[in-house]
Amino acid sequence: MIFFKKKAKITLKNCKIPEHIGIIMDGNGRWAKKRMLPRSAGHAAGSENFKTIARYCNKIGVKYLTVYAFSTENWKRPKAEVDGIMDLLRKYLKDSTNFKAENIKLRFIGELSVLPLDIQELIKKAELESDEATGLVVYMAVNYGGRDEIVHAVKKISERVKNGTFNTEDITEQVLSDNMYYTVPDPEFIIRPSGEYRLSNFLVWQSAYAEFWYSDVLWPDFSPDDLDRAIIDFNKRNRRFGGVDEEEGEKR
């Protein structure tokens with residue numbers, strides 16, 4: 001008789017949990033195509049998985065989670081697909097139980113003013129309803145682009161210079177950071193499922209010293225176990241921020 005050893009359960013024991021994780025939620029369309037389903041089914045499955053992963057991040061002690069929901073470039077997709085994504089966003093925002101019981105705060109970043117007016121109102125309502133939450137803060141990037149965010153910050157600072165309330169000599173990295181869409185600690189860890197190895201205009205400014213982790217798993221199938229694997233790998237990284245490792249010499 002042949003006995004098979006049971007696979008050991010992944011554990012985060014003794015692991016440092018990243019304070020801020022960014023996730024590029026990629027692979028919804030390919031997930032649907034593999035199952036001969038419409039792309040909308042993939043986006044719906046991805047939306048449900050976002051809730052699962054956000055709740056798990058809250059459980060393990062992540063403080064900030066930024067997810068790439070809809071980029072400034074995604075408007076180029078077929079109108080039917082864009083409309084379907086907007087409808088999913090509406091449905092999600094109308095669900096009054098979203099994260100309320102889990103003590104999760106919900107925030108949105110991006111150029112929100114071009115979104116349909118009803119969605120803008122639903123976003124305000126969702127943010128207000130979660131305002132008292134003290135657990136994980138989820139930032140959903142909608143109509144977001146990293147380069148667009150930098151342009152947005154430069155315009156804000158330029159306006160102050162133009163009005164005579166700020167001097168160009170006082171512009172620093174911190175000043176730029178303070179004028180981005182949001183001011184939280186930069187992400188330590190950025191995860192991209194789906195087998196792609198690109199940043200795709202996500203958190204361009206903030207990710208200068210982030211660690212990256214890639215997986216072939218498509219986003220709707222990305223599980224808490226996959227996140228555990230990523231965090232365990234994160235804990236193997238030596239984050240020197242341009243400093244010197246006495247054993248290995250200087251590395252960046």
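To how many Å² does the accessible surface of the protein come, and what percentage of it belongs to carbon and sulfur atoms? Please then examine the largest nonpolar core closely.

Analyst: This is a predicted model, in which local features need pLDDT of at least 70 and side-chain atom pairs count only at pLDDT 80 or more, while totals for chains, interfaces and linings use all residues. Residues are numbered from 1 along each chain as its sequence is written, and side-chain values use heavy atoms, with hydrogens and water left out.

The accessible surface of the protein (Shrake-Rupley method, 1.4 Å probe) comes to about 14,400 Å², and 53% of this area belongs to carbon and sulfur atoms. Of the 252 residues in the protein, 45% are buried, that is, under 20% relative accessible area.

Leaving aside residues up to four places away in sequence, Phe50 touches Met25, Val67, Tyr92, Phe99, Val138, Met140 and Trp219. A second, separate core has 15 residues, including Tyr144, Tyr181, Tyr182 and Ile190. In soluble globular proteins, nonpolar side chains tend to be buried together.

Across the protein, 75% of the contacts between residues at least 6 apart in sequence join residues at least 24 apart. Along the principal axes, the C-alpha atoms of the protein fill a box of roughly 85 × 55 × 35 Å.

Note on methods. A nonpolar core is a set of buried Ala, Val, Leu, Ile, Met, Phe, Trp, Tyr and Cys residues joined through side-chain atoms within 4.5 Å. Buried means under 20% relative accessible area, exposed over 50%, partly exposed in between (1.4 Å probe, protein chains only). Contact means heavy atoms within 4.5 Å.
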